[in-house]
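Hi everyone, thanks for coming. Let's walk through this one together, so please have a look at the sequence and the model.

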Amino acid sequence: MQLSVAAGTDVGRIRAGNEDSLYADADRERGLFIVADGMGGHAAGEVASEMAVQIVARDLTDVRDLSQTDAGTRMAEALKAANRAIYERTIQEAEKQGMGTTASCLLVGQGRYIIGHIGDSRVYLLRDGVFRQITKDHSYVQEQVDAGFLTPEQARYHPYSNVITRCVGANAAVEADVLTGEIRNGDLFLVASDGLTGMVEDPQLRRILESKQTPGRIVDSMITEANRRGGLDNITAIVVQVINVLSGNTGEQATVGRG
């Protein structure tokens with residue numbers, strides 16, 4: 001498998017600190033990419049997002065073959081382990097009460113992808129000119145859209161658009177969405193926090209992804225555009241370009257860069 005990857009995070013133009021965390025690692029067999037957007041104030045959000053990224057990455061270290069039937073289960077269990085650890089810390093440390101984080105995790109290898117998702121960070125896929133959001137937000141406005149009470153456009157500008165209904169660490173237990181599919185040559189994945197997707201609408205994200213730039217320049221362009229539009233939140237993006245999907249190891253490589 002040959003990938004080209006870039007990742008970047010930015011504090012934005014309003015926030016004093018960055019509560020987003022990311023993880024991007026790839027080799028010839030598989031790649032793991034995580035974006036977590038923390039909440040809680042007093043640096044607690046930063047703690048929660050960093051814990052989630054570290055625990056999920058640790059627990060998925062030995063998941064090398066995505067064709068195994070338990071690979072999706074391992075993704076769900078890794079997110080549950082992160083939830084337990086963060087929740088226990090909120091009980092033990094008074095200043096950490098109320099902290100939590102989103103988590104969107106993309107695992108690729110053996111011609112497949114597995115996504116684990118909690119919250120409103122997102123995973124998108126651009127394939128053959130079709131750009132789609134793979135994950136569904138766990139948010140108040142998404143529930144209103146699903147129920148037919150809001151249009152997607154109304155939801156975008158709703159005063160409660162940042163209210164999430166599921167996160168890592170807020171409760172003793174949480175269920176993750178686990179999604180699977182195949183990867184193809186030319187696929188472009190975007191994993192992003194809502195500091196990007198809340199500022200830059202999907203058509204513009206698509207235009208940037210289709211710009212034929214390197215993943216590093218794409219990440220830089222997305223962060224710049226989010227800041228140009230106000231930069232109201234921390235901005236994090238990982239772009240994963242699938243250059244070649246091979247069944248064997250000959251000639252396989254992966255490159256990871258920072259935006």
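In helix 2, the buried residues are Ala71, Gly72, Met75, Ala76, Ala78, Leu79, Ala81, Ala82, Asn83, Ile86 and Thr90; buried here means under 20% relative accessible area with a 1.4 Å probe, protein chains only. A word on the source: this is a predicted model, where local features need pLDDT of at least 70 and side-chain atom pairs count only at pLDDT 80 or more, while totals for chains, interfaces and linings use all residues. Residues are numbered from 1 along each chain as its sequence is written, and side-chain values use heavy atoms, with hydrogens and water left out.

So what covers the buried residues of helix 2? The cover includes helix 1 (44–59), strand 4 (100–101), strand 5 (103–109), strand 6 (112–118) and strand 9 (177–182), with contact meaning heavy atoms within 4.5 Å. Helices are DSSP runs of H or I with at least four residues, strands are E runs of at least two, and both are numbered from the N terminus.

Next, histidine 138. You'll find histidine 138 in the loop between strand 8 (130–133) and helix 3 (140–146). Is histidine 138 buried or exposed? Histidine 138 is buried, because its relative accessible area is 7%. Leaving out residues up to four places away in sequence, histidine 138 touches His117, Ile118, Gly119, Ile164, Thr165, Arg166 and Asp177.

Last stop, a helix pair. Gln204, Leu205, Ile208 and Leu209 in helix 6 meet Ile218, Ser221, Met222 and Glu225 in helix 7.

Note on methods:
Buried < 20%, exposed > 50% of the residue type's maximum accessible area, 1.4 Å probe, protein only.
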